[in-house]
Amino acid sequence: MASLNVYSVLVVLFLTCGAVMATKENDQIIKENNCETKMGFPCVLEAFTSIFETGSISNKCCGELVVLGKVCHSALVKRTLENPLFKYVSPATIIAQSIQTWNNCLALIDSPSPSA
């Protein structure tokens, strides 16, 4: 019985340390890349809505998202998921939605415009 308690404590400790390390890693990525200063607030809201709710992102904001970069985009989404306010959302669903938003914006920005 004692080994079960020790095992439980080790699992909790491992999970806690992993979460703290993930938080520090995302915060470090965000800080080193100045991620929080690369998008205007209206576009941050549009991107957030397209990932965490049901909404779309404009061409202008897709451009800002692509300039933000995939590393910043991923770190910001992961850090948002660490917030207790989002404990009831499915991380897998949100990450899939963030990848879809990123890919849609990248395709939109990379495609030639009809007037070209």
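These entries go from the whole chain to single residues.

**Entry 1: the chain as a whole.** I note at the start that this is a predicted model. I looked up the secondary structure and found five helices and zero strands in the protein chain. Read along the sequence, the pattern is α-α-α-α-α. The protein chain has 116 residues, and 23% of them count as buried. I then turned to contacts between residues at least 6 apart in sequence. Of these, 69% join residues at least 24 apart.

**Entry 2: α4 against α5.** How many degrees is the angle at which α4 and α5 pack? I read about 155 degrees for helix α4 (residues 70-82) and helix α5 (residues 91-110). Their axes are 11 Å apart. Angles over 145 degrees count as roughly antiparallel, so α4 is roughly antiparallel to α5. I also looked up the handedness, and the crossing of α4 and α5 is right-handed.

Next I listed the residues that meet. From α4 come K70, H73, V77 and L81. From α5 come P91, I94, I95, S98 and W102. By class, I find six nonpolar, two polar and one charged residues in this contact.

**Entry 3: the cores.** Which residues touch the most other members of the largest nonpolar core? My list reads C35, M39, I57, L65, L68 and C105, out of 14 residues in that core. I checked which elements give two or more residues to this core: α2 (41-52), α3 (59-68), α4 and α5. The most comes from α3, with four residues.

**Entry 4: L106.** My last stop is L106, which is found in helix α5. Is L106 buried, partly exposed or exposed? I read a relative accessible area of 27%. Buried means under 20% and exposed means over 50%, so L106 is partly exposed. I also checked L106 against K70, and they are 36 residues apart in sequence. In space, the two are 9.8 Å apart, C-alpha to C-alpha.

How values were computed: Residues are numbered from 1 along each chain as its sequence is written. This is a predicted model: local features need pLDDT of at least 70, side-chain atom pairs count only at pLDDT 80 or more; totals for chains, interfaces and linings use all residues. Side-chain values use heavy atoms; hydrogens and water are left out. Axes are lines fitted to C-alpha atoms, for helices over the stretch in contact, and angles run from 0 to 180 degrees between N-to-C directions. Angles under 35 degrees count as roughly parallel, over 145 as roughly antiparallel, 65 to 115 as roughly perpendicular and the rest as oblique. A crossing is left-handed if the near helix is turned anticlockwise from the far one by less than a right angle, and right-handed if clockwise. Contact means heavy atoms within 4.5 Å. Ala, Val, Leu, Ile, Met, Phe, Trp, Tyr, Cys and Pro count as nonpolar, Asp, Glu, Lys and Arg as charged, and the others, Gly among them, as polar. A nonpolar core is a set of buried Ala, Val, Leu, Ile, Met, Phe, Trp, Tyr and Cys residues joined through side-chain atoms within 4.5 Å. Buried means under 20% relative accessible area, exposed over 50%, partly exposed in between (1.4 Å probe, protein chains only).
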